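Welcome! Take a moment to look it over before reading on.

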Amino acid sequence: MSIRQLSMFVENKKGALAKVLKCFSDRGVGLRAMTIADTKDFGILRVIVDDIDGAVSALKEEEIVFSVNDVIAAEAQDVPGGLASVLNTLMDAGIDIEYTYAFVVESGDRACAILRVSDVETGEKVLKDAGVPLVSEDEILRI
């Protein structure tokens, strides 16, 4: 049930992020989630898109270096401590969390956490066993 996420380096210069996003929009690829972590020279852009194949094709055409990674999308309550509860479940099971980002699906009700963990398959099992709802790629596309 993992979600495919695109990761790419983006130079930390004027217009670089806009170029990547335009590459997607010109081909009708929509964003569902996005995060960027930057340094002085570059950023690592991570996105969930509504058309992974179209996005991959677009990035190849534009010669933008990228990777496709499997991540977990887990539902968390949109309350203080909602995400912490999900993270603690993984931590208590010894699953290393490499990074996470989240977005609200329904304010005051549901949020979705994107989790890059050391072992996706085990992480999914741990969360399922703990009763944490996982969000499928199809569900992400309908948001």
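Contact here means heavy atoms within 4.5 Å. With that in mind, V20, C23 and F24 in helix 1 meet A55, A58 and L59 in helix 2. By class, this contact has 6 nonpolar residues, with no polar and no charged ones. Please keep in mind that the model is predicted.

**Two helix pairs**

Two packed helices are described by the angle between their axes and the distance between the axes. Here are the values for two pairs.

| Helix pair | Axes come within | Crossing angle |
|---|---|---|
| Helix 1 (residues 16-25) and helix 2 (residues 52-61) | 9 Å | roughly 125° |
| Helix 3 (residues 82-92) and helix 4 (residues 120-129) | 10 Å | roughly 120° |

The axes of helix 1 and helix 2 cross at roughly 125°. That angle makes helix 1 oblique to helix 2. Helix 1 passes helix 2 in a right-handed crossing.

Helix 3 and helix 4, whose axes cross at roughly 120°, are therefore oblique to each other. Helix 3 passes helix 4 in a right-handed crossing. Which residues meet between helix 3 and helix 4? On the helix 3 side they are V86, T89 and L90, and on the helix 4 side G123, V126 and L127. The residues of this contact divide into 4 nonpolar, 2 polar and no charged.

**The sheet**

Strands of a sheet pair through backbone hydrogen bonds, either parallel or antiparallel. In this model, 6 strands form an open sheet in the order 2-3-1-4-6-5, with antiparallel pairing. Strand 2 (31-38) and strand 5 (97-106) are the edge strands, each pairing on one side only. On average, neighbouring strands of the sheet are turned by 30° against each other, direction ignored.

Strand 5 pairs with strand 6 (residues 110-117) in the antiparallel sense over 8 bridges. Among the partners, E106 is bridged to R110 in strand 6.

Helix 3 packs on the sheet, where it touches strand 4 (66-77), strand 5 and strand 6. The direction of helix 3 makes about 115° with that of strand 4. Helix 4 packs on the sheet too, touching strand 4 and strand 6, and its direction makes about 10° with that of strand 4.

**An aromatic pair**

How many aromatic pairs does a search of the whole structure find? The search finds 1. F9 and F42 form this edge-to-face pair, at 5.0 Å centre to centre and with 80° between the planes. F9 lies in strand 1 (residues 3-11) and F42 in strand 3 (residues 42-49), so the pair ties together parts that are 33 residues apart in sequence.

Methods:
Residues are numbered from 1 along each chain as its sequence is written. This is a predicted model: local features need pLDDT of at least 70, side-chain atom pairs count only at pLDDT 80 or more; totals for chains, interfaces and linings use all residues. Side-chain values use heavy atoms; hydrogens and water are left out. Axes are lines fitted to C-alpha atoms, for helices over the stretch in contact, and angles run from 0 to 180 degrees between N-to-C directions. Helices (H or I, at least four residues) and strands (E, at least two) are DSSP runs, numbered from the N terminus. Angles under 35 degrees count as roughly parallel, over 145 as roughly antiparallel, 65 to 115 as roughly perpendicular and the rest as oblique. A crossing is left-handed if the near helix is turned anticlockwise from the far one by less than a right angle, and right-handed if clockwise. Ala, Val, Leu, Ile, Met, Phe, Trp, Tyr, Cys and Pro count as nonpolar, Asp, Glu, Lys and Arg as charged, and the others, Gly among them, as polar. Two strands pair if DSSP finds at least two bridges between them. Rings of Phe, Tyr and Trp (its six-membered ring) pair if their centres lie within 6.5 Å; planes under 30 degrees apart count as stacked, over 60 as edge-to-face and the rest as tilted.
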